[in-house]
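Hi,

Here is the model I promised to pass on.

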Amino acid sequence: ADLTVHITGSNANGSLGRGTVEVTPGRKLNIANGVFEIPDTHLKPSPAHTRFRLDGAVPAVAALLASPGLRDSVNVALDPGTSRGNVAAQVMLDMPIGKNAPDNATNYVVTADLTNFGADNLMMGQKVEASALRVSASNDGYQVTGDIKLNGTPAAINLSKKKGTAESDLRLQANIDETARRRLGIDFGGAVTGTIPVKVSAKLSDDGKDPPMSIEADLTPVKIDNLLPGWVKPAGRPAHATYTLTKTPQATHIDDLVIAGSGANVRGSVELDGS
C-alpha cells in the first residue's frame, strides 16, 4: 500500500493512495483513495472514520464476503467458483477502535456497481447474467437493482433484505415469449401466441428450496386458441391471470388461480407432475 500517516496531538489521520488486498491466495482486490481518521485517540474506545474505493473481480469479492469476519453478518451466498464479472465499490465505515469496543458497533454504507456479472445457480437455481447491477448495503440491509437475464430471459430485478430478517424480498418483471416459455419448461404449442408480461414476487431463503412465487400475468397482448376448451381470444382483448406457483422435485403446484377476461372466468388450483 501507498500509505501516509499524520498525527497531531490526539488526532490521527491515514491517507491511502493505492494498495492491494489479497483476500485468498490468487484473489486480490484493489483499494484506493482511502482515508482512516481517529479524531481523538484519548477516548477509549476511539471512534474511527474510514472511507475508500474498492475494485476488482467478482470472485475475489465473493471470497471476501465468505470470510469468517463477514459471512455471518452479511449472509450473501455467492460462490467464487461459479461467479464472474467486475466490481467497483465505495465504502464508508464508522467503528470504535480499542479492547473494550462493543460488538456490532460498526456502521457501514457500501455502494457498488457490478459489470459483466454472471453467476450459476444464484437465484432459484437459475443462472443470472447482467451487464450492469447496482448494489447498496448498510446496517439496515441491502438492495440489488438492475436488468438481468434469468436463465437467458431478460428481466428487471429488485432484490432486498432488511436487517434481522431471514428472507430476502424479490420483485421481478419480465416479458415471456414463446422461446422463454419453452426454456422454462412451459410449452402451450399453438394455444398461446405472443409475449406475456409478468410480475413475480417471492421471499427467498438460503435453504436451497424454491419458494412460493406470486405471479401476475397480463394476457391482453397474446392470442389464445382453446387454451381452455372453447376459450378463443384475439390479441389485444383484455385478460389477466394471477396465481401462486410452487415447485417441488415431484410436481408443480398452481394455487389460488384466477383468470378473468374476455370469454373466460377461471378459479381453482392445478397440480402438474414431472412429465
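Where does Leu227 lie? Leu227 sits in the loop between strand 14 (223-225) and strand 15 (232-233); strands here are DSSP E runs of at least two residues and helices are H or I runs of at least four, numbered from the N terminus.

Before the rest, some housekeeping. This is a predicted model, where local features need pLDDT of at least 70, side-chain atom pairs count only at pLDDT 80 or more, and totals for chains, interfaces and linings use all residues. Residues are numbered from 1 along each chain as its sequence is written, and side-chain values use heavy atoms, with hydrogens and water left out.

Leu227 is partly exposed at 31% relative accessible area (buried is under 20%, exposed over 50%, partly exposed in between, with a 1.4 Å probe and protein chains only). Together with Leu184, Ile186, Phe188 and Leu228, Leu227 makes a nonpolar patch on the surface, with about 360 Å² of accessible area in total. Patch members have over 30% relative accessible area and no salt bridge, with nonpolar side chains (Val, Leu, Ile, Met, Phe, Trp, Tyr) joined within 5 Å and like charges within 9 Å.

Overall shape: the protein chain has 3 helices and 18 strands. Its radius of gyration is 25 Å, well over the 19 Å from the globule rule for 275 residues, so the chain is more spread out than a compact globule (C-alpha atoms only; the rule is 2.2 Å times the number of residues to the power 0.38). The C-alpha atoms fill a box of roughly 85 × 35 × 30 Å along the principal axes. The accessible surface is about 16000 Å², with 52% of it on carbon and sulfur atoms (Shrake-Rupley, 1.4 Å probe; for residues, only the protein chains shown count as cover).

Now the inside. Of the 275 residues, 32% count as buried. The largest nonpolar core has 55 residues, and Phe117, Met123, Leu133, Ile148, Leu170 and Leu219 have the most contacts inside it. A core here is a set of buried Ala, Val, Leu, Ile, Met, Phe, Trp, Tyr and Cys residues joined through side-chain atoms within 4.5 Å. Beyond four places in sequence, Ile148 touches residues including Val128, Leu133, Pro154 and Ile157 (contact means heavy atoms within 4.5 Å). Helix 1 (residues 58-65) has 7 of its 8 residues buried, so it is largely enclosed by the rest of the structure.

Which salt bridges might you want to look at? A search of the whole structure finds 4, a salt bridge being a side-chain nitrogen of Lys or Arg within 4 Å of a carboxyl oxygen of Asp or Glu. Among them:

- Arg84 pairs with Asp120, the closest N and O atoms being 3.9 Å apart. Arg84 is in strand 5 (residues 83-97) and Asp120 in strand 6 (residues 107-123), so the pair ties together parts 36 residues apart in sequence.
- Glu129 and Lys127 meet at 3.8 Å, N to O.
- Lys203 and Asp169 meet at 2.4 Å, N to O. Lys203 belongs to strand 12 (residues 196-204) and Asp169 to strand 10, so this bridge links parts 34 residues apart in sequence.

Lys203 is partly exposed at 46%, as is Asp169 at 23%. Ser168, also in strand 10 (residues 168-176), is buried at 7%, and its contacts beyond four places in sequence include Tyr142, Leu159 and Lys203.

Cheers
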